[in-house]
Structure formats: C-alpha cells, structure tokens
Amino acid sequence: MNKLAVCLLLSVIPVASTLAAPGIDALTVTTNPNGGETYTVTIQILALMTILTVLPSMLLTMTSFTRIMIVLGLLRQAIGTGQAPSNQVLLGLSLFLTIFIMMPVLDKVNSQAVQPYMEEKIQLTTAIEKASAPFRAFMLKQTRETDLELFMKISGREDFETVDDVPFSLLLPAFVTSELKTAFQIGFLIFLPFLVIDLVVASVLMAMGMMMLSPMIISLPFKIMLFVLADGWSLVMEMLAASFYV
C-alpha cells in the first residue's frame with residue numbers, strides 16, 4: 001500500500017511541475033512602433049468583464065432608456081390601470097424601443113470600433129475612443145446647454161473652448177438631468193387628457209349626489225376607451241422615437 005502511494009506521488013510530481021511552469025503573463029504592456037501600447041489578453045479580458053458589469057448603468061445613462069421608461073410609467077399612472085401593463089412588459093418595451101432608437105449609433109460603433117478591433121486593425125484603447133464618439137454626439141444633441149453649464153459651474157471647470165472638450169464626467173450627469181426634464185414634460189402632456197376625463201366624471205358624480213362612488217372606477221373605462229380609439233400606443237411610440245430626432 002505504501003509503495004502504491006509512493007508511485008502515485010512520483011507520477012504527480014512531473015504534472016505539478018508542468019502546471020507550475022510559467023504561462024501567460026498576467027500583466028504585460030508592449031509599446032508599439034507608432035507609440036501606442038498593447039496589453040496582454042488577460043488585461044483585455046479583465047477590461048471586458050469590467051465593462052459588462054457596468055452595462056446596466058451605461059444603459060441608463062448613455063441611451064434613450066431613461067426617457068422611455070419614465071414616460072411609459074407615467075402613462076400607466078395617467079390611465080390608472082395599476083400594474084397593467086406590468087413592470088416586466090414596460091422594461092421589455094423600453095429596452096427594444098431603445099435598441100431601435102439607438103441603432104444608428106450602434107451601427108457607427110460597430111463599423112468604426114468593433115469590426116476594426118476584431119480584425120486587429122486598431123488597438124483596444126483606440127477602439128474605446130472610437131466607440132465613445134457616436135455616443136458622445138448623441139448625448140450632446142439631447143443635452144440642454146443650461147444643464148451642461150450647470151455641471152460645469154459646479155465642478156469649477158468652465159475653461160472649455162468647445163463642447164467637444166467637455167469630459168464624460170460632466171456630460172453624463174448633464175445628459176441624465178436633461179432626459180429627466182424631457183421625460184416629465186412629455187408625461188405632463190400625456191396626463192392632461194386623462195385628467196380632463198377624471199374632472200368631468202367627478203363633476204357628474206358630484207352633481208348626481210353620488211359622493212360615495214369613487215370617480216376612478218367610472219373614469220377608468222372611459223380613459224381606456226379613449227386611449228384605444230386614439231391608437232394611443234402607436235402615438236406614444238411614435239412620439240418617443242421622434243423626440244430624439246427633432
């Protein structure tokens with residue numbers, strides 16, 4: 001039995017020494033002839049995994065998702081249908097509408113950054129810079145100048161010659177603030193017709209002396225009927241998509 005254990009130990013030693021041999025370097029930076037730097041595959045994989053972890057926040061802060069989700073949530077409250085459609089339906093609808101609206105930006109990112117990087121024509125750092133340019137142009141177009149000036153004033157950095165010199169650290173909060181303002185403005189306009197229906201129904205019930213009957217119960221079918229007859233979902237989707245290209 002002891003001889004068998006010794007034989008097994010001796011057979012494992014070469015394998016262990018092979019596994020202990022140096023493999024791929026964990027951190028290696030190679031300087032290219034053009035002055036750029038190339039990182040090892042392990043560093044590139046680490047950067048990719050880091051990007052994947054922040055994808056939800058990027059979706060909220062760099063795309064049209066925020067405006068769409070808020071408007072659809074306010075629409076559901078204006079109609080008064082409670083949880084219909086459900087949060088999952090609104091999230092899915094917001095996500096795919098965001099992909100539809102952002103498709104021109106994604107096409108530019110794919111052609112200018114992703115494909116050249118996959119074909120090893122550009123380095124990772126260059127690909128990131130080229131990928132950020134279309135998003136930056138989209139965000140600048142949707143950001144109000146007052147919001148951008150506000151965060152520039154808060155940060156104490158007002159020495160930028162053009163808006164192209166504004167860093168992402170200032171552009172992101174300004175863009176999100178502008179999206180929140182626009183979303184609530186659109187939600188206010190959506191609320192108005194349903195508010196009129198609620199006021200009319202409440203006035204009729206009060207005139208009839210039906211104080212104990214909730215106006216919401218009576219107005220809900222009328223609001224749903226109005227929304228369906230006006231083809232409300234198509235109008236809302238069209239309005240949301242058009243708001244990014246005006």
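Colleague: How many helices and strands are in the chain?

Modeller: There are 10 helices and two strands. In sequence order the pattern is α-β-β-α-α-α-α-α-α-α-α-α. Keep in mind that this is a predicted model.

Colleague: What share of the residues counts as buried?

Modeller: Of the 246 residues, 27% count as buried. The chain exposes about 15,900 Å². Carbon and sulfur atoms supply 72% of that area.

Colleague: How many salt bridges does a search of the whole structure find?

Modeller: It finds three.

Colleague: What makes Glu 179 and Arg 67 a salt bridge?

Modeller: Their side chains meet at 2.6 Å, N to O. The cut-off is within 4 Å, between a side-chain nitrogen of Lys or Arg and a carboxyl oxygen of Asp or Glu. So the Glu 179 and Arg 67 pair qualifies.

Colleague: Which parts of the chain does the pair link?

Modeller: Distant ones. Glu 179 is in helix α8 (residues 168-207) and Arg 67 is in helix α4 (residues 65-79). They are 112 residues apart. Both Glu 179 and Arg 67 are buried.

Colleague: How do you know that Asp 147 forms a salt bridge with Lys 181?

Modeller: The closest N and O atoms of Asp 147 and Lys 181 are 2.7 Å apart. The limit is within 4 Å, so the pair counts. This pair also links distant parts of the chain: Asp 147 is in helix α7 (residues 145-155) and Lys 181 is in helix α8, 34 residues apart.

Colleague: Why is Asp 147 called buried, and why is Lys 181 called partly exposed?

Modeller: Buried means under 20% relative accessible area, exposed means over 50%, and partly exposed lies in between. Asp 147 has 2% relative accessibility, so it counts as buried. Lys 181 has 37%, so it counts as partly exposed.

Colleague: What makes Asp 198 and Lys 223 a salt bridge?

Modeller: Their side chains meet at 3.4 Å, N to O. That is within 4 Å, so the label holds. Asp 198 lies in helix α8 and Lys 223 in helix α9 (residues 215-229), so the pair ties together parts that are 25 residues apart in sequence.

Colleague: Why does Lys 223 count as buried?

Modeller: Lys 223 has 1% relative accessibility. The limit is under 20%, so Lys 223 is buried. Asp 198 is buried too.

Colleague: Which residues is Lys 223 in contact with, leaving aside neighbours within four places in sequence?

Modeller: Lys 223 is in contact with Ala 78, Ile 79, Gly 80, Phe 194, Ile 197, Asp 198 and Met 216.

Colleague: Which residues make the nonpolar surface patch?

Modeller: Leu 95, Phe 96, Ile 99, Met 103 and Leu 106 make it, with an area of about 420 Å². Met 103 lies in helix α5 (residues 87-118).

Colleague: Why is Met 103 called partly exposed?

Modeller: Met 103 has 35% relative accessibility.

Colleague: Which residues gather in the patch of negative charge?

Modeller: Asp 159, Glu 161, Asp 164 and Asp 165 gather there, on the surface. Asp and Glu count as negative, so the patch is called negative. Glu 161 lies in the loop between α7 and α8.

Colleague: Why does Glu 161 count as exposed?

Modeller: Glu 161 has 76% relative accessibility. Exposed means over 50%, so Glu 161 is exposed.

Colleague: What is the phi of Asp 231?

Modeller: Asp 231 has a positive phi of about 55°, although it is not a glycine. Most residues other than glycine have a negative phi. Asp 231 is found in the loop between α9 and α10 (232-242). Its relative accessible area is 43%, so Asp 231 is partly exposed.

Colleague: Where is Asn 87 found, and why is Asn 87 called partly exposed?

Modeller: Asn 87 is found in helix α5. At 36% relative accessibility, Asn 87 falls between the 20% and 50% limits, so it is partly exposed.

Notes. Residues numbered from 1 in each chain as written. Predicted model: local features only at pLDDT ≥ 70, side-chain atom pairs only at ≥ 80, totals over all residues. Heavy atoms only, no water. Helix = DSSP H or I, 4+ residues; strand = E, 2+ residues; numbered from the N terminus. Buried < 20%, exposed > 50% of the residue type's maximum accessible area, 1.4 Å probe, protein only. Patch = residues over 30% accessible without salt bridge, like charges linked within 9 Å, V, L, I, M, F, W, Y side chains within 5 Å. Areas by Shrake-Rupley, 256 points an atom, 1.4 Å probe, with all protein chains shown as cover. Charge placed at Lys NZ, Arg CZ, Asp CG, Glu CD. Contact = heavy atoms within 4.5 Å.
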